[in-house]
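Q: Can we go through this structure together? I'd like to take it one piece at a time.

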Amino acid sequence: MLALSSTTSTAGSSVGLQPATSRRWDVTRTGSDCNTSLQMLSSRNALSIDLRRQLRSGEDYVYAKKYHGIVYVDCDRLLVPGETKVVCRCAVQPADDYARPTPEELEACPPPGGEPEEDEDANPYLLAETYLLLEIELLHPLSQKPKPPPPVLPKVGDLLPTRPPVDVIENPMSAADQFGDDVKEIINQLADEYHEMFLGENSSNISAEGMEARRQQANSL
């Protein structure tokens with residue numbers, strides 16, 4: 001369903017004329033027409049409204065070409081995905097067949113009231129800055145909004161349980177290396193004991209007999 005409502009500000013009126021002030025149209029379009037509508041609205045000046053003045057009596061109107069106007073509707077906003085409503089203020093322009101009546105035409109078809117209008121150089125719609133306020137509302141957008149992207153799937157590595165850290169296993173020492181370390185440890189222990197017995201702080205107060213006893217003790221180790 002396409003609903004259009006408009007309000008037109010016209011450039012004056014004359015006796016016996018039927019000015020258009022407010023209109024509403026309800027147009028039903030099927031889903032198969034959406035592609036056609038998109039192509040139509042994508043082209044420049046695709047949608048236009050033709051404005052004409054006519055006599056209430058239906059007789060010929062000598063100023064019909066003078067007041068023949070056209071409105072080009074900008075519906076670009078309806079091309080936005082998900083958009084269903086547009087309100088635009090459109091200027092009324094003179095139609096391609098705009099012309100002022102000649103004296104012969106005024107004589108053959110007198111205007112309402114018999115008195116001709118003042119002949120102005122400018123177009124009456126442009127002179128009065130006539131515009132049409134148009135509101136277009138759709139029940140469904142012509143272009144649907146794109147679906148949101150699916151959620152990002154976790155990586156395979158995130159799904160697998162974390163492996164516990166691997167214990168560090170030192171390579172076993174060879175017999176020769178183990179023997180060398182044992183010898184170094186024994187030598188260091190002997191050096192510490194020797195230093196304690198003969199070079200320590202308490203060794204200066206030991207008598208000669210005590211020093212000899214320590215030497216004998218060291219030889220027995």
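Q: Is His-68 buried or exposed?
A: His-68 is buried, with a relative accessible area of 5%. Buried means under 20% relative accessible area, exposed over 50%, and partly exposed in between (1.4 Å probe, protein chains only). This is a predicted model: local features need pLDDT of at least 70, side-chain atom pairs count only at pLDDT 80 or more, and totals for chains, interfaces and linings use all residues. Residues are numbered from 1 along each chain as its sequence is written, and side-chain values use heavy atoms, with hydrogens and water left out.

Q: Where is His-68 found?
A: In the loop between E3 and E4. Those labels are DSSP runs numbered from the N terminus: helices (H or I, at least four residues) and strands (E, at least two).

Q: Which side chain does His-68 join in a polar contact?
A: That of Asp-97, at 2.6 Å. A polar contact is a pair of N or O atoms within 3.5 Å; within protein, one must be able to donate a hydrogen and the other to accept it, and residues adjacent in sequence count only if both atoms are side-chain atoms.

Q: New topic. How many aromatic pairs does the structure hold?
A: It holds 2. Rings of Phe, Tyr and Trp (its six-membered ring) pair if their centres lie within 6.5 Å; planes under 30 degrees apart count as stacked, over 60 as edge-to-face and the rest as tilted. Tyr-61 and Tyr-63 have ring centres 5.9 Å apart and planes at 65°, so they are edge-to-face. Tyr-67 and Tyr-125 are also an edge-to-face pair, with 6.3 Å between centres and 85° between planes.

Q: What does the pair of Tyr-67 and Tyr-125 tie together?
A: Tyr-67 lies in the loop between strand E3 (47-51) and strand E4 (69-73), and Tyr-125 in helix H3 (residues 124-127), so the pair ties together parts that are 58 residues apart in sequence. Both Tyr-67 and Tyr-125 are buried.

Q: And what lies over the face of Tyr-67?
A: Arg-53, at 3.9 Å from the ring centre. A charge sits over a ring if NZ of Lys or CZ of Arg is within 6 Å of the ring centre and within 35 degrees of the ring normal.

Q: Last one: where is confidence lowest and where is it highest?
A: In the protein chain, strand E1 (residues 2-9) is lowest, with a mean of 48, and H3 is highest, at 90. The score is pLDDT, the predictor's confidence in each residue, from 0 to 100. The chain averages 75, and 67% of the residues score at least 70.
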